[in-house]
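Q: I'd like to learn how to read a structure like this one, feature by feature. Where do we start?

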Amino acid sequence: MSEALVIGVGNPWRGDDGVGPAVARLLAGTPGIQVAECGGEPAELMQCWSGYERVFLVDALVTGAAPGSLLRLTAETPLPRPARHSSHGLGLAEAIELARALDALPPELVIYGIEAESLADGTRLSPAAASGVAELVLSIQSELHQRKDAKTQKGR
Amino acid sequence: MTTRTIEVNALARVEGEGALYVRTEGERVAEVKLRIYEPPRFFEGFLVGRDFREVPDITARICGICPVAYQMGASQALEQVCGVSLDPALENLRRLIYCGEWIESHGLHVFMLHLPDFLGYPDGITMARDYPELVRNGLRIKQIGNALMRLVGGREVHPVNLKVGGFYRAPTPAQVAALREDLAWGLEAAAEALEFLAGLEFPDFEMDYEFVSLVHPDEYPILHGRIGSSSGLDAPVEDYDRIFTETHVIHSNALHSHLSDSGRPAFMGPMARFALNRERLTPRAAALADKAGLGAVCRNPFKSILVRMVEIAFAFEEALRLVEAYQAPARPAVEMMPRAGTGYGATEAPRGICYHRYTLDEAGMIQDAKIVAPTSVNQPSIEADLHGFVQDNLDLPDDQLRHRCEQVIRNYDPCISCATHFLDLTVERA
C-alpha cells in the first residue's frame, strides 16, 4: 500500500500515555496517511501493519529527558530491550523484535517516542506532552511530504 | 561438608517479581525458599467501605492476565449475598468470556513463557527465529482469546462490561457469530500444537500431589462446582476457609495455604482440574488428551504444558458451542438490591481456584473482603517440587541446576502479582 500508516500506542485514560493515540487522531484524514490505535500486543501490531510499506509507531517514553521531547528510532537495527522480569505484557521493543524474528516487519518502520511528564489518571495531556504531540504531527507530515517530493523529483 | 547455594534474584518469564533460594548441605537439600518480594497489594483493604457494585471494577485490577477470574468470583459472592441467581443466558455469556481468558492466559504461557524451556531458548523471541510457524500460531491463539474478552468484556485487559448481576451490554448475535471462524481455526491450531508438544522430552519427575479443584457433575469446571480433591474432599465453596489454613511465612509477601485437616500443601491449576474432571472434557479435547499420551492423571509438573494445551483446545471447543447456541439474552443483567450478609464465590482461574468472600451491610457497603489467588495456594507445592527436584539432581552443576529450578517454578505459570497481593534463585551448598 502506498499510504503510510501511523499507529498510536498507549492508554488515552492515563495522562501522557495517550500521546500516541493523540498523534494518530490529529493525523486522521490527512491525505496519504492511514491511522490506527493499538495496544502494542505483538500479534495485533503485526496484523495492524500488515500490507503497509511505511509505518510510524508513536508511543510515550519515560527516559528522564525533558517532557515533550521527541526521540526518533528506526527498526533497521535491533532495538534495545530492557531486562524484564515480568511478562504481564510484552513491551513494544519486544513486540518489534518478535515481528523481526518472524519476518513480519514492514519494509520501513519508524518509532517516535514522546517523553511523558505525568501518567496519572485522566485524559488530559500535560502542556509539554501536548506540544510534543503538535511538533510530531508536523514532523511526520513533513517527513512524508519530503519523501513524496523526492519521489516526484526522482520520477521526473 | 560442602554447602551449595543456588540463587535466582529475579525470576524471568513469570508474572510478577520473585526470587529463589536453595541451600544444600552435603547430599541433602537443607532449605528451599520461593521468595515473593513484590509488595503486598492491599486489595481487600481497598474494598472495605465501598459499594458492592464497585467491586468487579476494582478486583479486575488485581491482574492484567486473569482479570475475569477476579470479577467473576466477586460477582458470584455478591450475588449470593443479595439472593440473586443469573439467567442461564447470562451464565453462558460469563462462561464464554472466561474461555477467552483461559485461551489468552494459557496461550501466552505455553508458547512464549514455557516452551522456550523445552526447546532450549532464553526467550520466545529467540525461539521464534527457529520456530516461526509455531510462534505465529501461538500469538494468533492468544489474540483470539483477547478478541473474545474484548467482545464480551469491552476490552481485553481489565474488562469494563462486567457487573454484579451480569453485563452492562450483551453482544449482538452477529458480533458473536463473527468469532466462529477464528475459534474453529483455534481448535485445529491447538490440536496441531499439542501433537508437537507431545513429542518434547520431559524430565522423569513425578510428585504425589493433593490435587484440589472445583468439581461439577455436568461440566469441566470454570464458573461453578464444589471443592473436590484427589483424596476425596467434597465440600461447598462456603467451606473454603475451613478447608484451608493460611499462614504468613517471612520470605513471602503472599500467604501460604495448607489443607487444614492433613497439613499438606494443595496443588491447584490445570493438572488438578484435569485429574479431577477429565471425563467431563469436551469430546475433541478428551480425544486430544488421549492422543498426547496423557493418562487419567498427570503427576509430572513439566507435562503441565500438555495439560494447558488440552485446556486451550477445550476452551476453543466450549467457546464454539456457546457461540453457536448464542441468542441475545432477554436482559443484560439481573436487578440487584443490597442485603446484609456474607457471600462466597469461587471460579477456576487459569491457575486454579480463585476464592472470594465478602460481607455487606444493609446498604450494600463492603464490611469485610477476602480474596485468595491460586498461585498463593500453590507456593508450598512449588517449594516441595524444588526440594524434590534438587535432591534428585544434586549431581548437576550450579548453572544447570539453577536453570532447571527456574523451569520447576515456571511449570506452575505462577502469577506473583496476583499472589501478593513474587522470583530471584539462591542455592547454597554446604
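A: Let's start with a helix packed on a sheet. This is a predicted model, and in it helix H3 (residues 67-81) of chain B lies across S11 and S12 of chain B, at about 150 degrees to S11(B).

Q: What is the order of the strands in the sheet with S11, S12 and S13 of chain B, and how do they pair?

A: To read a sheet, list its strands by who sits beside whom. Here the order is S11-S12-S13 in chain B, the pairing is antiparallel and the sheet is open. Strand S11 (341-349) and strand S13 (366-372) of chain B are the edges, each pairing on one side only. On average, neighbouring strands are turned by 10 degrees against each other, direction ignored.

Q: How many bridges join S12 and S13 of chain B?

A: Strand S12 (residues 352-360) of chain B and S13(B) run antiparallel and are joined by six bridges. To find your place on screen, pick B:Tyr358: its bridge partner in S13(B) is B:Ala369.

Q: Now a loop residue. Where is B:Val237, and is it buried or exposed?

A: For burial, count the neighbours around the residue; 20 or more other C-beta atoms within 10 Å makes it buried. B:Val237 sits in the loop between strand S8 (234-235) and helix H9 (240-243) of chain B. B:Val237 has 24 other C-beta atoms within 10 Å, so it counts as buried.

Q: Which residues is B:Val237 in contact with, once its neighbours within four places in sequence are left aside?

A: Those would be B:Ile227, B:Tyr344, B:Gly345 and B:Ala346.

Q: Let's do a helix pair. At what angle do H13 and H14 of chain B cross?

A: With two helices, ask how far apart the axes come and at what angle they cross. For helix H13 (residues 374-392) and helix H14 (residues 398-410) of chain B, the axes come within 9 Å and cross at roughly 150 degrees. An angle over 145 counts as roughly antiparallel, and therefore H13(B) and H14(B) are roughly antiparallel to each other. Their crossing is right-handed.

Q: Which residues make the contact between H13(B) and H14(B)?

A: H13(B) brings B:Ile382, B:Asp385, B:Leu386, B:Phe389 and B:Val390. From H14(B) come B:Leu401, B:Arg404, B:Cys405, B:Val408 and B:Ile409. Sort the residues of this contact by type and you get eight nonpolar, no polar and two charged.

Q: Over to chain A. How many helices and strands does chain A have?

A: Get the inventory before the details. Chain A has four helices and five strands, and from the N terminus the elements go β-α-β-α-β-β-α-β-α. Of the 156 residues in chain A, 42% are buried. Among contacts in chain A with a separation of 6 or more, 74% come from residues 24 or more positions apart.

Q: Why is strand S3 of chain A described as largely enclosed?

A: Check how many of a strand's residues are buried. For strand S3 (residues 54-61) of chain A that is seven of the eight, so the rest of the structure largely encloses it. S3(A) pairs in the parallel sense with strand S1 (residues 4-9) of chain A over five bridges, where A:Ile7 stands opposite A:Leu57. S3(A) also pairs in the parallel sense with strand S5 (residues 108-115) of chain A, over eight bridges. There A:Asp59 stands opposite A:Gly113.

Q: What covers the buried residues of H2(A)?

A: The cover includes S1, strand S2 (33-38), S3 and H3 of chain A, together with helix H6 (132-153) of chain B. Seven of the eight residues of H2(A) are buried, so H2(A) too is largely enclosed; among them are A:Leu45, A:Met46 and A:Trp49. Just after H2(A), have a look at A:Gly51, with its positive phi of about 95 degrees.

Q: Last one: how many residues of chain A are in contact with chain B?

A: For an interface, count the residues on each side, then ask which elements supply them. Here 15 residues of chain A are in contact with 23 of chain B. On the chain A side, helix H2 (42-49) and helix H3 (92-101) are the elements giving two or more residues, and H3(A) has the largest share, with four. By type, the chain A side divides into five nonpolar, five polar and five charged residues.

Conventions
Residues numbered from 1 in each chain as written. Chains lettered and ligands numbered in written order. Predicted model: local features only at pLDDT ≥ 70, side-chain atom pairs only at ≥ 80, totals over all residues. Contact = placed C-beta atoms within 7 Å. Nonpolar A, V, L, I, M, F, W, Y, C, P; charged D, E, K, R; others polar. Axes fitted to C-alpha atoms, helices over the stretch in contact; angles between N-to-C directions. Parallel < 35°, antiparallel > 145°, perpendicular 65-115°, else oblique. Left-handed = near helix turned anticlockwise from the far one by under 90°. Buried ≥ 20, exposed ≤ 12 C-beta atoms within 10 Å, placed from the backbone. Pairing = 2+ DSSP bridges.
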